[in-house]
Amino acid sequence: MSDILVSEQSAPGADGSGRPSGRLLEVDDLRVEFRTRDGVAKVINGVTYHVDAGETLAVLGESGSGKSVTAQTIMGILDMPPGFVTGGQVRFHGRDMLTMSAEERRRIRGEGIAMIFQDSLSALNPVFTVGFQIAEQFRIRRGMGRADAKKRAIEMLDQVKIPNAKGRFSNYPHQFSGGMRQRAMIAMSLALDPEVLIADEPTTALDVTVQAQIMDLLGELQRERQMGMILITHDLGVVADVADRIAVMYAGRIVEEADVYDLYAKPAHPYTLGLLDSIPRMDEKGQELRTIKGLPPNLMNIPPGCPFNPRCPMAQPVCREKVPPLLQIGSGRASACHFAEELVNRD
Amino acid sequence: MTENIIEVRDLVKHYPVTQGIVFKKTVGQVKAVDGVSFELKTGETLGVVGESGCGKSTLARVLMNLEKPTGGSVHYKGQDISKLSGGALRRLRRQIQLVMQDPYTSLNPRMTVGDLIGEPFEIHSEVAPKGSRRGKVKELLDLVGLNPEHINRYPHQFSGGQRQRIGIARALALRPEVIVCDEPVSALDVSIQAQVMNLLEKLQNEFGLSYVFIAHDLSVVRHLSDRVAVMYLGKMVEVGTEDEIYERPTHPYTQALLSAVPVPDPTLRDNKAIIRLTGDVPSPISPPSGCRFRTRCWKAQDVCAQQVPLLEIRRGSDHPSACHFAEKRAIVATHQA
């Protein structure tokens, strides 16, 4: 957790030999673009991150930053076309998933890596009962009979604290409330006991009190099972509560990666600083909020140099010319800013 | 400055639940808003917070006179708005305008920005004579921080934050006195959200507007509001100044709501007093008897099921709270710096 080897990370296991690199899941210099009628949108431009067993990596970013597309690429559920993976690797236990056969990938999905989605109403199939959709996995992937599968599915519903799990087994998704549907989806994703769970904005559609319940449940299940978790979110509050490490994304790149405490105490990228500053704070009530001026770049036309430079208050001529690489600064953190050292060392 | 511009008394809005296609019969009532009273003072911002289904958007619709109340009244400067019609109603509509939540669906994609912002002038032609309209629209665009040259563009050529600015410009077109903002920033990213909040604040100072600011994000409401009302299942459970609600909440629901807000500071992770509510909000078709929060409340006693607690100032507190056992409790409030 303490050593983020940004550039050296690609060495072990990169030859695809299947030699374990010690890392559970690694995304290495991933590049994805969408080829559309209007042009090519470079959605992911070299994303590198990893998650180990038992830890929570939060991927933080605004809409269009590429955080969900990265997750979809890991799961192999990216729409292709228009999406194209143009470079990089996604390694699970050291093996590149992007070059595997479809059958091998299928075996990892669910058992190795599972995912929960933001919108539980559209993620569940409305014409099958919730119980059936959970039991299905036990029947198909574990070869269980109907009765056994049902029993296991009820156990799963029980584990995610759905009251009266037995009675709820034969309910349809629309009969569940938003929070309960999200619980059912968690039950479904954990059914095959995955090693990594990707949670893509799991609580964005929920009210705060329900959000707190769901985040508690996720944390509890993660600790029990020692899962690695990738939490994709834009909510700086949720991240502060549950993450171990944070990767901040902007325009398809990781711009900063750090331990959660370091990141909030001393952000090393002007974008992170801007995000933290734009949260309304109680000691600044009535004052104007500090904002990040301008808009995120159009991904079909990312500005040369640092993609953040047109919005950056610290931008210098060098920022318009050279793309800053994600470099390690200090221990266990990395930043893609030419002036990262100055930012961290200022008071 | 402290006169009431809007007074709401015992406002009730029920929607019938019907069964049958030819012979519709009413089988129940969704009690969306069930006895809400408050007042809005000139120039102030009243924040309304609550979770989905608590009736805050219905409240906005009744304030806008888009829905007739089932009971109770809304007075604008002493006039009962639900009793107005014809010319008087049209004149009233000028004074209360709405900013909607979703900047993607609230703008007609086939109309240019100029037409969208200029449309209120078609209906209220006394505000801007025909020849001066384009000039007025350009002024409005400039006012909300958009380029006046973009008057002929269509909504899809703008980002979410810019569209919300268009929505605000449209609400401002008739120089209203009150703007009802229904979740104006909840569809926007954090960095854009701050820009729009700054704009709303700037406009309020410039034009002396009064806002009813409806949102579910407690930190956003806190930043903008002078007073805050907390709603639960169609009722107001606590009303007070921003400080009273966030620093000295007395209603258990307010306390639970505040404690559930994630604080963007990892160092507070372990010393937060967290109240976890169990279960979901009950159905507004058949709300619990007595206090509506009692089914999820850890303080509930027999009296809570029998007596509806009134929204009144309780002992040991300085602001109204609708709980039989209202009591101060320190909460690590949202976003302590």
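Below is a short chat about a sheet in chain A and the interface with chain B.

Biologist: What am I looking at, and how is it numbered?

Modeller: The model is predicted, so local features need pLDDT of at least 70 and side-chain atom pairs count only at pLDDT 80 or more, while totals for chains, interfaces and linings use all residues. Residues are numbered from 1 along each chain as its sequence is written, chains are lettered from A and ligands numbered from 1 in the order in which they are written, and side-chain values use heavy atoms, with hydrogens and water left out.

Biologist: What is the strand order in the open sheet of chain A?

Modeller: The order is S2-S1-S4-S5, with antiparallel pairing. Strands are DSSP runs of E, at least two residues, numbered from the N terminus, and two of them pair if DSSP finds at least two bridges between them.

Biologist: Which strands stand at the edges?

Modeller: S2 (39–51) and S5 (95–96) of chain A; each has a single partner strand, so one side of each lacks a neighbour in the sheet.

Biologist: How many bridges join S1 and S2 of chain A?

Modeller: Ten, in the antiparallel sense, with S1 covering residues 25–36. Glu33(A) has Lys42(A) in S2(A) as its bridge partner.

Biologist: Switching to the interface: how much area is buried between chain A and chain B?

Modeller: About 3600 Å², with 54% from carbon and sulfur atoms. That is accessible area (1.4 Å probe) lost on putting the two parts together, summed over both.

Note on methods:
Helices (H or I, at least four residues) and strands (E, at least two) are DSSP runs, numbered from the N terminus.
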